[in-house]
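User: I am new to this structure and would like to learn how to read a few of its features. Could you take me through them one at a time?

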Amino acid sequence: MSDWGKVRLHVVTGKGGTGKSTVASALALALATKGKNVLLCEVEGRQGIARMFDVEPLPYQERRLTTGLPDADGGRGIVHALHIDAESALLEYLAMYYRLGRAGKALDRFGVIEFATTIAPGVRDVLLTGKVYEAVQRNSRNKNAIDYDAVVLDAPPTGRISQFLNVSNELAGLAKVGPIKAQSDTMMTLFRSPRTAVHLVTVLEEMPVQETADGIAELRSIGLPVGGVVVNLVRPRDLSADQLAAARSGTLDRAALETDLLAGGIEVTPDLVDGLLQEAADHAERRALEDSQRTLVADLGVPSYELPQMAGGIDLGGLYELAGLLREQGMA
């Protein structure tokens with residue numbers, strides 16, 4: 001059973017290089033069970049979804065992307081994708097709320113939209129998050145739109161996530177009244193509710209784990225709901241605890257290693273054995289560091305999930321494999 005059964009908006013953030021886009025994609029696949037529609041969104045302009053799924057660059061339009069991970073009965077849902085950019089979101093906003101139509105496009109040609117979203121970053125974030133909010137809430141203004149069971153947002157990095165989601169506060173000095181202020185206040189009602197969860201992605205290294213802890217504290221300080229922590233790129237456990245301890249202390253059985261090499265048809269030389277023993281020591285030190293960081297993650301007081309480092313990188317098959325692991329661990 002999912003740990004997040006009541007959540008409609010899954011926000012996925014993480015320090016750069018931790019694989020948050022991979023985790024967001026896998027989570028969308030895991031959530032798309034039989035009869036369910038899931039929307040996977042991105043807002044950073046990198047076209048990461050298109051690269052992840054090996055499709056053409058996405059327009060500012062919801063597109064069917066793929067089917068989800070099969071459930072126990074073999075049923076699959078549908079994953080849709082949306083690349084959100086502020087300029088297109090503003091044009092849509094003007095057309096929807098002010099019925100500017102062609103006039104809005106004329107403003108775009110004069111560069112007014114670029115000026116507005118550059119001079120006022122808070123407005124830019126309201127437009128980006130506003131489109132996400134609309135996808136979650138779906139109202140009468142979008143009669144032909146798909147009603148999504150879940151929306152997964154590949155969000156900005158941890159260092160900017162609180163500012164990005166706390167749109168009402170960011171607009172405080174810019175727009176105290178008016179439709180944009182009203183829209184931001186309405187969005188904050190969703191973002192601070194149990195229907196939203198902000199998940200953080202980390203790896204078992206000191207800086208990403210510390211940034212995750214700081215991010216959780218900051219999210220909580222402004223009333224945004226913290227979801228789970230996904231520990232990504234976990235190394236395989238090839239050695240036992242006793243073997244790791246021996247490797248760290250330099251007491252691995254050299255003769256046994258030489259015997260195993262000979263049994264495998266490998267020519268044994270002192271340099272080869274020395275090199276392998278040094279690699280084992282380095283690996284053991286790395287594993288000790290990872291275990292200490294895993295303890296810190298456990299102490300964060302939120303559900304945690306682990307995904308392995310996959311040899312050869314991530315392709316579509318790998319994404320489905322990761323989706324299965326997230327579902328097995330209860331994240332979806």
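User: In which hand of crossing does H12 pass H13?

Analyst: This is a predicted model, in which local features need pLDDT of at least 70 and side-chain atom pairs count only at pLDDT 80 or more, while totals for chains, interfaces and linings use all residues. Residues are numbered from 1 along each chain as its sequence is written, and side-chain values use heavy atoms, with hydrogens and water left out. A crossing is left-handed if the near helix is turned anticlockwise from the far one by less than a right angle, and right-handed if clockwise; here H12 passes H13 in a right-handed crossing.

User: How many salt bridges are there, and which residue pairs with Glu-290?

Analyst: Side chains of opposite charge can pair when their charged atoms come close. A salt bridge is a side-chain nitrogen of Lys or Arg within 4 Å of a carboxyl oxygen of Asp or Glu, and the count comes to 16. Glu-290 pairs with Arg-286, their closest N and O atoms being 3.4 Å apart, and the two residues, four apart in helix H13, are separated by about one helical turn.

User: Is Glu-290 buried or partly exposed?

Analyst: Buried means under 20% relative accessible area, exposed over 50%, and partly exposed in between (1.4 Å probe, protein chains only). Glu-290 is buried because its relative accessibility is 4%, whereas Arg-286, at 24%, is partly exposed.

User: Where is Thr-196 placed?

Analyst: Helices (H or I, at least four residues) and strands (E, at least two) are DSSP runs, numbered from the N terminus; Thr-196 lies in strand S6, residues 196-202, and is buried at 3% relative accessibility.
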